[in-house]
Amino acid sequence: MYSTENPWQTLNSSVSYENPWLSIRHEEVITPAGTPGIYGVVSFKNKAVGVIPIDADGNTYLVGQYRYPLNEYSWEIPEGGSPLGTDPLESARRELKEETGLEAKVWTMVARIHTSNSATDEEGFLYIAEELTEGEHAPEETEELRLWKLPLAEAVDMAMTSRITDALSVSGLLIVARLRGI
């Protein structure tokens with residue numbers, strides 16, 4: 001049996017950079033091997049939320065946008081941030097409405113994930129949204145979004161063939177595929 005106790009010892013921690021969305025800590029540590037080392041940790045000021053909307057015909061909705069850090073276009077499930085201390089479900093409802101114009105009567109949380117646990121403490125929550133009604137979307141000023149309605153199975157195929165690479169989207173779509181037998 002493996003120990004689940006923390007084998008790391010933090011000697012010193014300081015914030016190297018901070019903005020309204022994240023902070024980066026530089027830490028001096030003693031590694032599990034007992035040697036001195038350093039670690040950089042990105043802490044987000046929001047939790048991540050992602051939504052897999054599914055309509056009565058088995059379609060879902062993807063949001064397309066250019067992702068500045070990647071320098072490439074990305075198709076994703078509707079997603080965004082949930083300020084720390086707020087209910088992730090309420091943030092998921094807001095993001096779905098903002099990005100797609102959709103509202104849902106039925107919500108199911110399907111996963112809690114860590115998006116890149118070797119460098120960040122970001123926690124994410126994934127939801128299925130069903131019994132959808134359409135309305136007007138209102139993206140944030142930093143978002144230039146395209147909306148794509150497609151069969152859920154096609155979106156799952158995109159995740160399986162790396163045409164969708166966003167971690168929340170891939171995780172969410174594959175979980176839903178397993179739950180739905182796709």
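## Domain contact

In this predicted model, about 550 Å² is buried between domain 1 and domain 2, with carbon and sulfur atoms giving 38% of that area. On the side of domain 1, the residues that lose the most area to domain 2 are Tyr39, Val42 and Phe44, which together make up 70% of what that side buries.

Domain 1 covers residues 9–44 and domain 2 covers residues 46–180. Each of the two contributes 7 residues to the contact. Taken over C-alpha atoms, the centres of domain 1 and domain 2 are 30 Å apart.

## Polar and charged links

Between domain 1 and domain 2 there are 0 salt bridges, while 5 residue pairs are in polar contact, both residues being at pLDDT 80 or more. Strand 3 (residues 36–44) gives the most to the side of domain 1 that touches domain 2, namely 6 residues. Sorted by class, that side of domain 1 has 4 nonpolar residues, 2 polar residues and 1 charged residue.

## Aromatic pairs

The model has 4 aromatic pairs. One of them joins tryptophan 75 and tryptophan 148: the ring centres are 5.0 Å apart and the planes stand at 65°, so the pair is edge-to-face. The cut-off behind that label is an angle over 60 degrees between the planes.

Tryptophan 75 belongs to strand 6 (residues 72–76) and tryptophan 148 to strand 10 (residues 146–151), so this pair ties together parts that lie 73 residues apart in sequence.

Note on methods: Residues are numbered from 1 along each chain as its sequence is written. This is a predicted model: local features need pLDDT of at least 70, side-chain atom pairs count only at pLDDT 80 or more; totals for chains, interfaces and linings use all residues. Side-chain values use heavy atoms; hydrogens and water are left out. Domain bounds come from an automatic or database domain assignment. Contact means heavy atoms within 4.5 Å. Buried area is the accessible area (1.4 Å probe) that two parts lose on being put together, summed over both. A salt bridge is a side-chain nitrogen of Lys or Arg within 4 Å of a carboxyl oxygen of Asp or Glu. A polar contact is a pair of N or O atoms within 3.5 Å; within protein, one must be able to donate a hydrogen and the other to accept it, and residues adjacent in sequence count only if both atoms are side-chain atoms. Helices (H or I, at least four residues) and strands (E, at least two) are DSSP runs, numbered from the N terminus. Ala, Val, Leu, Ile, Met, Phe, Trp, Tyr, Cys and Pro count as nonpolar, Asp, Glu, Lys and Arg as charged, and the others, Gly among them, as polar. Rings of Phe, Tyr and Trp (its six-membered ring) pair if their centres lie within 6.5 Å; planes under 30 degrees apart count as stacked, over 60 as edge-to-face and the rest as tilted.
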